[in-house]
There are 2 protein chains.
Amino acid sequence: MKKLINGTDDVVAEALQGMEQAHPELKINHELKVIVRGDAPVQGKVGVISGGGSGHEPMHGGFVGRGMLDAACPGEVFTSPTPDQMLEATKAVDGGAGVLHIVKNYTGDVLNFEMAAELAQADGIDVASVVIDDDVAVQDSSFTAGRRGVGATVLAEKICGAAAEAGKDLATVTELCERVNAQGRSMGMALTSCTVPAAGKPTFELGDDEMEIGIGIHGEPGRERRPVTTAAEVAKQLVDPILADLPYERGEKALVFVNSMGGTPLIELYILYNEVVKLLAEHGIEIARNLVGPYITSLEMQGASVTLLKLDDEMTGYWDAAVETPALRWGA
Amino acid sequence: MKKLINGTDDVVAEALQGMEQAHPELKINHELKVIVRGDAPVQGKVGVISGGGSGHEPMHGGFVGRGMLDAACPGEVFTSPTPDQMLEATKAVDGGAGVLHIVKNYTGDVLNFEMAAELAQADGIDVASVVIDDDVAVQDSSFTAGRRGVGATVLAEKICGAAAEAGKDLATVTELCERVNAQGRSMGMALTSCTVPAAGKPTFELGDDEMEIGIGIHGEPGRERRPVTTAAEVAKQLVDPILADLPYERGEKALVFVNSMGGTPLIELYILYNEVVKLLAEHGIEIARNLVGPYITSLEMQGASVTLLKLDDEMTGYWDAAVETPALRWGA
């Protein structure tokens, strides 16, 4: 196993130390492993938090800051965080207007967030939860009952974070998050596996000429293994199932998110994005916004995913709103 | 070879098409392969351009925009751009105040930028050039007479771009660029090779337990191959040669740039950054600014580099100034 780490047990703890050094504007609770926006809790503002296993950086910790998440709790690599962490994050961002939990649909995440929400509510904090399940690849999976939560999570965190920043109440931010999930669809693929540090060997094996279509962000099996093919064909194999699952009328607007699984470099992502653009043009879909880069990764896995979000004006406005986090920054 | 591409001959052209789709604020000349800031030429402003082989994305095209580069010319993968491209970029950004060429020290880049500068000057454009050669690993290299230009290039582009945006004249921006180069030092390492699309096989071979210390961004040989070791030891093997080459007095300030070669994920970069912070603390060096991420890459190569820039107040101010490019964005 070739990785820039020290002990395999220290990966998350030490990455958090590095993150604290690199981003002194964040507050990091090292004991419970919670990353909190520096000025939290913001009085009167809905808190928005997320969390999940590590190994998907910059998600979620890199999205903590003004206009996006108020806190994130990273579990060990590919392992759900504990209810303790989630409760601490909830308390740390509670400004009296309630807290939204954005939860990716993996069994451990869902159960632990449910427990944390109950504990927080017992402490008098108003908590709402939205489970993101945008991955069209498979109905159930090794870590999931129902669809997995993947790329739409990033979009939900940005859009709901902006709505909370704008002063919207918990019910409004929650409804918006449900809408992003309802209108977001994703599909991913892998050219190579990744290696979880504690395991020390690749999560799965792929032949030299094979790729896995419909891969999960933890290397969970997808739909099938196929021969490696062109970017144009890969784009089609990702976009077609998305549009089959949530059809678009001609002229409808989409946010298109082309994401690297970690090891696929930007030059290839732009080639893939170009192919996605051509396919969507054939369907008459207007690409109103885009995001291209490594935002929800799977350690060093080579591969990519495509997320389409059917946009309305409200979502577009919140997407454009200012954001100031380690991984996404724009606006004044 | 597993890559998200179509034909190996079309990699750069198609990536530029994708980039144009993703970033409509940029103007892209597809015939000559030049990426230009949308509002160029800015009258009365010094133009700042760079260029070099592709495969190092986001460098340089991802740094085109307000407060950084006015244009970039990408060559084929790991291949110098032509004088034609550089001349076109120079003309496209000439606002009457002259143009600075920021050139990484590789033989082809240097020769072609020299020729482009002569041609531009014959057309009445005032051109200055600064050659970046910050890599302390080796004195000469397969592509270089003298030291290679690596991470300091990113910092020079940001700092000089900000100075040009602030209205400084060509002599001032040029002197600043020379100063960044004089005060910047880098060293890199690789855990794995990368594969140039046109070659179809890895540039070099590394054993399962080997890493290469002092690697170049095209896979050029470094100082030596050593057994894979901890992030702490890797940090020391990168930082010690940098400080031996340009010593710091206690209390001096540095910008610390920890860069992924492409395939190394962010979670590992933060671990490495944390180790670099500890080492610099032992030397009494104050980390005034930092940058952690994949900014000057080598396709999908796993590995990292460290760049230290000895900061003065002027550089710090230009570093902090607003920037609005695909890959670096901050400020108003």
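Predicted model: local features only at pLDDT ≥ 70, side-chain atom pairs only at ≥ 80, totals over all residues.
Start by showing chain A and chain B in two colours. Each side of the contact can then be selected: 59 residues from chain A and 59 residues from chain B take part. Between them the chains bury about 4,500 Å², and 62% of that area is on carbon and sulfur atoms.

Next, look for polar links across the interface. There are 22 residue pairs in polar contact, both residues at pLDDT 80 or more. On the side of chain A that touches chain B, the elements giving two or more residues are α1 (11-22), α6 (231-245), α7 (266-282), β11 (286-293), β12 (303-310) and β14 (329-330) of chain A. Colouring the side of chain A that touches chain B by class gives 29 nonpolar, 19 polar and 11 charged residues.

**Salt bridges between the chains**

How many salt bridges cross the interface of chain A and chain B? There are two. For one, select A:Glu268 and B:Lys3, whose closest N and O atoms are 4.0 Å apart. For another, select B:Glu268 and A:Lys3, where the closest N and O atoms are 3.9 Å apart. B:Glu268 sits in helix α7 (residues 266-282) of chain B, while A:Lys3 is in the segment before α1 of chain A, so this pair joins two chains. Over all chains, the structure holds 44 salt bridges.

**A helix pair in chain B**

Show the side chains where the helices meet. From α5(B) come B:Leu176, B:Arg179, B:Val180 and B:Gln183, and from α8(B) come B:Glu314, B:Met315 and B:Tyr318. By class, the residues of this contact are four nonpolar, one polar and two charged.

**A loop in chain A**

Finally, bring chain A back and select A:Gln139. Where is A:Gln139 placed? This residue is in the loop between β6 (127-132) and α4 (152-165) of chain A. Leaving aside residues up to four places away in sequence, A:Gln139 touches A:Gly146 and A:Arg147. To end, draw a distance from A:Gln139 to A:Glu252: these residues are 113 residues apart along the chain, and their C-alpha atoms are separated by 26 Å.

Methods: Residues numbered from 1 in each chain as written. Chains lettered and ligands numbered in written order. Heavy atoms only, no water. Contact = heavy atoms within 4.5 Å. Buried area = accessible area lost by both parts, 1.4 Å probe. Salt bridge = Lys/Arg side-chain N within 4 Å of Asp/Glu carboxyl O. Polar contact = N/O pair within 3.5 Å; in protein donor to acceptor, adjacent residues only side chain to side chain. Helix = DSSP H or I, 4+ residues; strand = E, 2+ residues; numbered from the N terminus. Nonpolar A, V, L, I, M, F, W, Y, C, P; charged D, E, K, R; others polar.
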